[in-house]
Amino acid sequence: MVRTAEAHGVEVAVIGLGPVGITLCNLLADMGVSTVGIDAAADVYALPRAIGMDHEVMRVFQQIGLAGALAPHVGAYRRSEYRAADGGLLRLLDSPPEPWPLSWPPYLTFVQPELERCLRARLADRPGVRLRAGVELTGIETPETPVLTLRDTASGQTETLRPRFVVGCDGGNSFVRRSLGIGFEDLDFDEPWLVVDMIVDGPVDGLPETNVQYCDPARPHTHVIGPGGLRRWEFMMLPGEDPAGMNREERIWDLLSPWLKPGQARLWRSATYRFHALVARDWRRGRVFLAGDACHMTPPFLAQGMVQGVKDAANLAWKLAAVLREGRAEPLLDSYQAERRPLVREVIAITKGLGRIICERDPDAAAARNARMLAELAAGQGRVVRQNLFPPIADGLIARLPDGTPAPGAGLPCPQPWVVTGTGGRQRLDDVAGHGFRLLLRAGGTLSPAAQAAARGLGITVQAIARDRAEPALIAEEHGLLNGWLDGHGADAVLVRPDHVVFGTSASDAGLRAMLDQLRAQLG
Ligand SMILES: O=C(O)/C=C/c1cccc(O)c1
């Protein structure tokens, strides 16, 4: 039976309610955008797939108001060691000591089903957003004015939906992407691996205390420590090994035998899969967008899969809201692909570089690799600050200097220090300064009437932040992080976008007015 239910008032349809889609639904709902989230599955996928996230993603969950609810499902920071087959250390991916730049540990782990449940629970009974699980997208037409055909998987009933915009967050096999005929650029790195999630309930001697990339040419493998008792091992599958044979419990215990015996842990999930290095050629067709795995797939070695997807959601959400709520022109939405695609492509290339190190199976090449990495370690180059591996946004909606280069700091995540307020005690800055466009100034800095009027006209919140409590201001930093960052960029003010990315910095009132003019022009 065909039922045509013209849904009036749905502004954005999000297809796929995995972590990226449900994050996008939360952000859009908070921005007052009427949203429907659609997923063919009746419930959250009960087993973990992603396990790692970073401080920028945690900041988005903080923005959504979920930091507290997620705390039991989030794991502590661990460094990543790259080790040779003989156990020797080859490289260390670490984090700087506290205070951390975004106030969250730069790398965290999480339990995916619980994370998704928290994100869904927050939207239950919320006006303006509707989650429709058990509803499958079966057709998508005319991307300039999208018309969706939906089918209820239980009743078989179909309906049509005409949202203003559609975002396909429907995973690597995205129906949305395939329907639009969008292909991938293949960055040429895929290998078959077995992934095993174990729950270790009690103390077990000899388990690694950190994440480890075992660069063993006989069988490259990985160990990641998740929250609670969750431990993940990943094993490369060798030529001739068949997925079904690898994914037998007896075989898994055999692979785990250097660390665990049966009875010391429970097998939660195991799966064989082939990782890929792919980025969609187009991220937008008309009023239909792609996000997350639907438009990029990253090898696992830096845990960037979900991270980059949530960053897509944060990037797109405020731009859609700017068009739908503030009447900005739709070309603003072109900056989504302009900003995200080159960055994600670079993240995939960086991950691929590390993956090639880990996945080396030729013993001679592995020996040469070890010698090179040991020399780098001895020369002090083998200790890498994890978050510094990733590039800033370099294209799109950022302030530029007269020569066209990005303004100092533009495209980076803005630091989020711990601050102390007169009334509120110790808080993270975003919880005080808000989440829209905000202009953060040094304490004592003043804005000319013209700059104030320009900021007000753009709906920008202005906040002065003292370096410490000795300076008179309503908000004072605990560790001087943001003021130190301004020092480092030769700036007195930083203009931050709603996705926490730095639009630009300025060192004078004239520079600030020029930056605000650029923002007005770029917003359209
Ligand atoms: O952060 C890292 O260095 C590695 C994380 C990770 C997570 C999951 C699977 C992997 O191969 C690596």
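A salt bridge is a side-chain nitrogen of Lys or Arg within 4 Å of a carboxyl oxygen of Asp or Glu. The structure holds 41 salt bridges. This is a predicted model, in which local features need pLDDT of at least 70 and side-chain atom pairs count only at pLDDT 80 or more, while totals for chains, interfaces and linings use all residues. Residues are numbered from 1 along each chain as its sequence is written, and side-chain values use heavy atoms, with hydrogens and water left out.

**Salt bridges**

- Side chains of opposite charge can pair when their charged atoms come close.
- Arg 117 and Glu 114 form a salt bridge with an N to O distance of 3.1 Å. Both residues lie in helix H4 (residues 112-121), three residues apart, which is about one turn of the helix. Helices are DSSP runs of H or I with at least four residues, strands are runs of E with at least two, and they are numbered from the N terminus.
- Arg 117 counts as partly exposed because its relative accessibility is 35%; buried means under 20% relative accessible area, exposed over 50%, and partly exposed in between (1.4 Å probe, protein chains only). Glu 114, at 27%, also counts as partly exposed.
- Glu 326 and Arg 328 meet in a salt bridge at 3.8 Å, N to O. Glu 326 is exposed, at 54%, whereas Arg 328 is buried, at 18%.
- Arg 497 and Asp 499 meet in a salt bridge at 2.7 Å, N to O. Arg 497 is buried at 0% relative accessibility, and Asp 499 is buried at 10%.
- A network of salt bridges links Arg 164, Arg 284, Arg 287, Glu 330 and Asp 334.

**The seven-stranded sheet**

- Strands of a sheet pair through backbone hydrogen bonds, either parallel or antiparallel.
- Seven strands form an open sheet with mixed pairing, in the order S25-S24-S28-S27-S26-S29-S30. Two strands count as paired if DSSP finds at least two bridges between them.
- Strand S25 (425-428) and strand S30 (502-506) are the edge strands, each pairing on one side only.
- From one strand to the next, the twist averages 30 degrees.
- Strand S24 (residues 418-421) pairs with strand S28 (residues 475-477) in the antiparallel sense, over three bridges. Thr 421 stands opposite Ile 475 in S28.

**A helix across the sheet**

- Helix H14 (residues 509-523) lies across strand S26 (438-442), strand S29 (493-496) and S30, and runs at about 155 degrees to S30.
- Axes are lines fitted to C-alpha atoms, for helices over the stretch in contact, and angles run from 0 to 180 degrees between N-to-C directions. Contact means heavy atoms within 4.5 Å.
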